[in-house]
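Please look over the sequence and the model shown below. The briefing that follows is grouped by topic.

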Amino acid sequence: MTAVTYLEAIGQAIREEMRRDEAVFLLGEDVGTYGGAFKVSAGLMEEFGSERIIDTPMAEAAIIGSAVGAATMGMRPIAEMQFIDFITCGFDQIVNMASKFYWRSGIPAPMVIRGPSGGGVKGGPFHSASPEAWFFHVPGIKVVVPSTTYDAKGLLKAAIRDNNPVLYLEHKLLYRMPELREELPEEDYIVPLGKAITRRAGENMTILTYGAMVHQCLKAAQTLEQEDDLDVEVVDLRSLVPLDREAILESVKRTNKVLIVHEDTLTGGIGAELAAILAEDLFEYLDGPITRVAAPDAPFPYAPPLEDAYLPDAEKILAAARKLAAY
Amino acid sequence: MPTPVKMPRLGESVAEGTVGSWLKQEGDWIEKDESLAEIITDKINAELPSPVAGRLAKILVQPDQTVAVGVDIALIEENADAAASQSVEAAPGPDAAPVESPARANVAVMDKQSASDGNGSKAAVQPSRVGEEERQRISPLARRLAREHGIDLNDIAGTGTGGRVRKEDILAYIEQQQAAPAVPSYAAQAPATQPAYTPPAPAAPKAEPAPTVIGPDEELVTPSRMRLAIAEHMVRSKRTSPHATTVVEVDMTNIAKWLEKNKEDFKRREGYSISYVPFVMKAVCEGIRKVPTINSSWTEDNKIIIKKRINLGMAVATDAGLVVPTLYDADQYTIAGLAKQIAAIAQRARSNKLTVQDMQNSTFVVNNPGTFGTIISVPIINQPHAGILSMDAVVKRPVVIEDDAIAVRYMMYLSLSFDHRILDGAGAGGFLQAVRTKLQSYGREIDVY
C-alpha cells in the first residue's frame, strides 16, 4: 500500500464510486481527454469512456444545470468547476434549482459540485476563491470542506451517496502537499457528513476551523503549547452544512474561550454565524470575546507579498490566540 | 400545601449533602428545573434543579449546613399568587402585619430577608454590589460562576487584561476557600446543626473511639471526604448483602482482532475511542434481558424491586478519586453508541463536570480493572444493586478448542459478585452464560452501528 496525496484521494473516491454505482458520472471542463486541469480525473476516461466522463464547453451554468437535470432523473452527477471561482456563473442553477428541487417537487437531486478553492498558490483574484459562505446561507445544499487526505476521500464518497446536492470544496494548496500524503484503508469507508473532528484536544481554548486553515491552527497550537504553556483544542468542522453544533458547543462549554479561523473574508463569513450561535447558546460560558481570524474584506490580491499579508496564517492565529488567552 | 424540596442523593454511596449556597432567596419566583441551590457532597458539587415551578416560600437549611439525603431543605409554594401573601402572613416577626396585595407582599418578604440576615450575608450584599460590578471588568463566565458560588466579586483581584476577573481567578478563589475549612469543621458542625442525623460511622461501635496513637516508624494519614465515603459504602455493602462471586472465561479473539484492525480508523472517523467495554456492556444488557433479577434491589422491608430500565454505572478513576457515573438506558444503544456515551461520561468525570443526573439511578455496574492488567477481581456490590461485573484483562492464552486442538486465543475472565439474597448460583450462572454467549457470537466482521 502506498501513501497517496490529497488529490489522488479525490480521484480514488470518484473512481471507486463510479465502479460501485453506474448512476455516478463526472462532467466538467477538460475532465476527460486532458484528465482535468489539476489531473484529478487522470485515467478515468480510459476506464469509463466518454459517456461517463464528459468534457463540456466552458459554461458553468450549463454544467450545473445539466447535473441538476440528470440528478432529478435518477443519476448521481459530479460536476467539476475547473476553478471554484467560476461557480458563480452557475449560481442560479444551484440556489434556485438544485437546492429547491426536492422542496418543490419531492424529487431528490443527488449531485456533487466540486472544484479547487482557496489561495496560497499565487493564483490572483480569479483563481483563489473561498466561496463557502454564499452557499452556507442557502437552505437545501450541503457544504463540506476536507482538510486531510483521509477526509478528502471519505467525505467525497459520503457526498456522492447523499441524496441532496452537496458542494465539495477541495483546497488546491493541499492537492500535492507532501505532509498530507497518507496510506488509506483498502476497504471502502466514508466520513459522515455533519460530523466535526477534534484534531487536537485541549482545555484552555477552542479553535474552530476547517479546510487548509486546520494545518495553520495546529501549527499555532503547537507553538502555544511550547512557548505559552497553553493547551489549545483544534476542532476541524469538516462539514459546514450540516454543522456539528453538538461538538462545537461541547468543546467551547469546556474551554470557555473560542477563536474562529477561516481563509474566507471576515464579514458575513462562516465565523459570523458560529459567533452568533455561541453568543446565543453559551453566553454565560464565555470567559473572553468570541474572536475571529479571517482574510480582510478586500478582493484577493495578486502580488505575492500582498497575498502573504492577506491570508491568515499561524503567525496571525498565534497573535489573536495570545490576546484572547490574556483577556 | 407547599412542596418540600429534599436533599438529593448525589451518587449511590452518598448519604448526606451540604448546601453550598442558595441561588434563590425566600420570596423569589423559580421555574421548574431552574437551579435552586448548590449542593456539595463528598463526590461532586452540583446545582439542584427545582422540582416544581413556584415561589420559594422557606429555606429550611442554611448554607454550609450538612443534612441527610431525603431531608427537606426548602418549601416551594406552587400556587403562586395565593402563596405570596400566605407566606408573609404566616411568617412571624416584625413584618407579620397584613398586606394589601401580592406585589406588596413580595417587597415585604425581601425586606424581612435582609433585615433578619444581620451578619453580612450574600443576600444583604447583593443589591449594593450591582454598582460595583459595573465598574469592575468581569467575563460572562466569571460573573455566572461568582453568582452560583455566592462570591462577592469585590473580594477577587482579576488577573486578566486591565484587571478583568476571569475563570482562573474565580476557580482559584473557590479552591482557596475550600482548602481552609475542610474536614474538621464538617465533623464539628454536623451534630450541632443537625440533631436528627448522625454522620455515618464506619462499622465501629457507637462509643467515641480513643484517638489513634502512632509509633515513631508510622505515619498518620487523615482520609479525604471521598475516601471516608468510599470506606463507609464498602463496609455497608459487605454488611448488607451476602456476597457470592462466580467467574466465567470468555473467548474474546474475534472482538480483539476486530479492535486491532479497526480501532484507529474508528477513532479517526468518529472522534472517540472504542474498546472492549461497550462490547461487554452490550452483552450485559443481553444477560439482564435473560435474567432480569440481576437488575434489581432488595428492599429494607424484604421485597425485590426489578428495574425495567438498564442504567449501567461505570467506574471512572479521576484525580479526585473513584466515581461511578451512570450510562442511562444502555440497552438502547449500539456498540458505537455506547462507546460515544462512555467517552462523553468519562470526559465529564475527569473534567469534574458530572451532574446530579450523572450520579443517580444506576441499576448495575460494569467495572474494568483489566486496564491495570489484573486477571481476576472480586468486586464489592455498589448498593443497592443486586450485582456487579468485573471485566479483567484480555490476555493471550493456550486454549483447548474443538477437536482437542490447542490454539492461542484472547481470553478474559468475567467476575460477577451478586447478592445471594436475590439470586442463587443458577441465576448468576445463567446471566454470565448469556453474557459470554453474546461476546462469543461475533464473527470476524463486526457491525458496531
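**A helix pair in chain B**

In chain B, helix α9 (residues 276-290) and helix α10 (residues 335-350) have axes that come within 9 Å and cross at roughly 120 degrees. Helices (H or I, at least four residues) and strands (E, at least two) are DSSP runs, numbered from the N terminus; axes are lines fitted to C-alpha atoms, for helices over the stretch in contact, with angles from 0 to 180 degrees between N-to-C directions. This is a predicted model, in which local features need pLDDT of at least 70, side-chain atom pairs count only at pLDDT 80 or more, and totals for chains, interfaces and linings use all residues. Residues are numbered from 1 along each chain as its sequence is written, while chains are lettered from A and ligands numbered from 1 in the order in which they are written.

**Helix contact**

- The residues B:V277, B:P278, B:F279, B:M281 and B:K282 of α9(B) meet B:I335, B:L338, B:A339 and B:I342 of α10(B); contact requires C-beta atoms, placed from the backbone, to lie within 7 Å.
- By class, the contact of α9(B) with α10(B) has 8 nonpolar residues, no polar ones and 1 charged. Nonpolar covers Ala, Val, Leu, Ile, Met, Phe, Trp, Tyr, Cys and Pro, charged covers Asp, Glu, Lys and Arg, and the others, Gly among them, are polar.

**Sheet in chain B**

- An open sheet of 4 strands in chain B runs in the order β5-β4-β2-β7 with antiparallel pairing, where strands pair if DSSP finds at least two bridges between them.
- Because β5 (45-49) and β7 (66-68) of chain B stand at the edges with a single partner strand each, one side of each is left without a neighbour in the sheet.
- The twist from one strand to the next averages 40 degrees.
- Strands β2 (residues 16-22) and β4 (residues 35-40) of chain B pair in the antiparallel sense over 4 bridges, and B:W22 stands opposite B:A37 in β4(B).

**Chain A and the interface**

- Chain A has 12 helices and 12 strands.
- Of its 327 residues, 51% count as buried, meaning that 20 or more other C-beta atoms, placed from the backbone, lie within 10 Å of the residue's own.
- The contact between the chains takes 16 residues from chain A and 15 residues from chain B.
- The side of chain A that touches chain B has 10 nonpolar, 3 polar and 3 charged residues.

**Confidence**

- The predictor gives the complex an ipTM of 0.71 and a pTM of 0.53.
- Chain B averages a pLDDT (the predictor's confidence in each residue, from 0 to 100) of 80, and 80% of the residues score at least 70.
- Residues 82-134 of chain B have pLDDT below 50, and this stretch has 53 contacts in the model beyond near neighbours in sequence.
- Where pLDDT is low, the predicted coordinates should not be read in detail.

Technical notes. Contact = placed C-beta atoms within 7 Å. Buried ≥ 20, exposed ≤ 12 C-beta atoms within 10 Å, placed from the backbone.
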